Amino acid sequence: MAQTQLEDLGSKTPSDRSVMHVLYGMHTIAPFTLWTLSVIALIGHYVKRSDETDPMYLAHHNYMIRTVWWAVVWLALSSPLFFLLFVPGAIAWTIVGAWYLYRCLRGWLRFNDNRMPE
């Protein structure tokens, strides 16, 4: 992917970058808050995405929205395992949680480097 230079983001302010960092931070610590911060950050992504014009910021909002919804799908699909057989369900939820944290950290690091998430 082509790397975006910070100078090319002429209409973006430092507060726009700060908001994105806060949203990524909320997603990253969400598993330790029973996913409450993830729901709040998801709402923030939808709100900020609605008036976003910068392709890099738009891609990062979409990336995290997809990450949250795929995590919800995988947690819902593996929940019968969790309730019927605790150990396989706990393993499945741990794998989903690790994948979620990986996506959050990967996206956050790429955003910090002014790169597209994927």
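Visitor: What is a salt bridge, and how many does the count come to here?
Guide: A salt bridge is a side-chain nitrogen of Lys or Arg within 4 Å of a carboxyl oxygen of Asp or Glu. By this rule the count is five salt bridges. The model is predicted, so to speak of local features requires pLDDT of at least 70, and side-chain atom pairs count only at pLDDT 80 or more, while totals for chains, interfaces and linings use all residues. Residues are numbered from 1 along each chain as its sequence is written, and side-chain values use heavy atoms, with hydrogens and water left out.

Visitor: Which residues form a salt bridge with Asp-16?
Guide: One partner is Lys-12, where the closest N and O atoms are 3.8 Å apart. Another is Lys-48, at 4.0 Å from N to O. Asp-16 lies in helix H1 (residues 14-29) and Lys-48 in helix H2 (residues 36-50), so this pair ties together parts that are 32 residues apart in sequence. Lys-12, Asp-16, Lys-48 and Glu-52 are linked in a network of salt bridges.

Visitor: Is Asp-16 buried or exposed?
Guide: Buried means under 20% relative accessible area, exposed means over 50%, and partly exposed lies in between (1.4 Å probe, protein chains only). Asp-16 has 18% relative accessibility and counts as buried. Lys-12 is buried too, whereas Lys-48, with a relative accessible area of 27%, is partly exposed.

Visitor: Which residue forms a salt bridge with Glu-118?
Guide: Glu-118 is paired with Arg-66, and their closest N and O atoms are 2.8 Å apart. Glu-118 lies in the segment after helix H4 (86-112) and Arg-66 in helix H3 (residues 55-84), so the pair ties together parts that are 52 residues apart in sequence. Glu-118 is partly exposed at 43% relative accessibility, and Arg-66 is partly exposed at 35%.

Visitor: How is the span of a helix checked, and what does H1 give?
Guide: The expected span is 1.5 Å times one less than the number of residues in the helix. For the 16 residues of H1 this should be 22 Å, and the end C-alpha atoms are 23 Å apart, which agrees. The buried residues of H1 include Asp-16, Met-20, Leu-23, Tyr-24 and His-27. The buried residues of H1 pack against H2, H3 and H4.

Visitor: What is a nonpolar core, and which residues have the most contacts inside the largest one?
Guide: A nonpolar core is a set of buried Ala, Val, Leu, Ile, Met, Phe, Trp, Tyr and Cys residues joined through side-chain atoms within 4.5 Å. The largest has 16 residues, and those with the most contacts inside it are Met-20, Tyr-24, Met-56, Tyr-57, Met-64, Tyr-100 and Phe-111. H1, H3 and H4 each supply at least two residues of this core. H3 gives the largest share, seven residues.

Visitor: What does contact mean, and which residues does His-45 touch?
Guide: Contact means heavy atoms within 4.5 Å. His-45 is in helix H2 and is buried, with a relative accessible area of 0%. Not counting residues up to four places away in sequence, His-45 touches Met-20, Leu-23, His-27, His-61, Met-64 and Ile-65. Tyr-100, with neighbours within four places left aside, is in contact with residues including His-27, Trp-35, Thr-67 and Val-68.

Visitor: Which residues make the nonpolar surface patch?
Guide: Patches are made of residues with over 30% relative accessible area and no salt bridge; like charges are joined within 9 Å, and nonpolar side chains (Val, Leu, Ile, Met, Phe, Trp, Tyr) within 5 Å. Accessible areas come from the Shrake-Rupley method with a 1.4 Å probe, and for residues only the protein chains shown count as cover. Trp-70, Val-73, Trp-74, Leu-77, Trp-99 and Tyr-102 make a nonpolar patch of about 650 Å². H3 and H4 are the elements that give two or more residues to it, and the largest share, four residues, comes from H3. Trp-99 has its place in helix H4 and is partly exposed at 31% relative accessibility.

Visitor: What share of the residues in the protein is buried?
Guide: Buried residues make up 38% of the 118 residues. The protein exposes about 7000 Å², of which carbon and sulfur atoms supply 72%.
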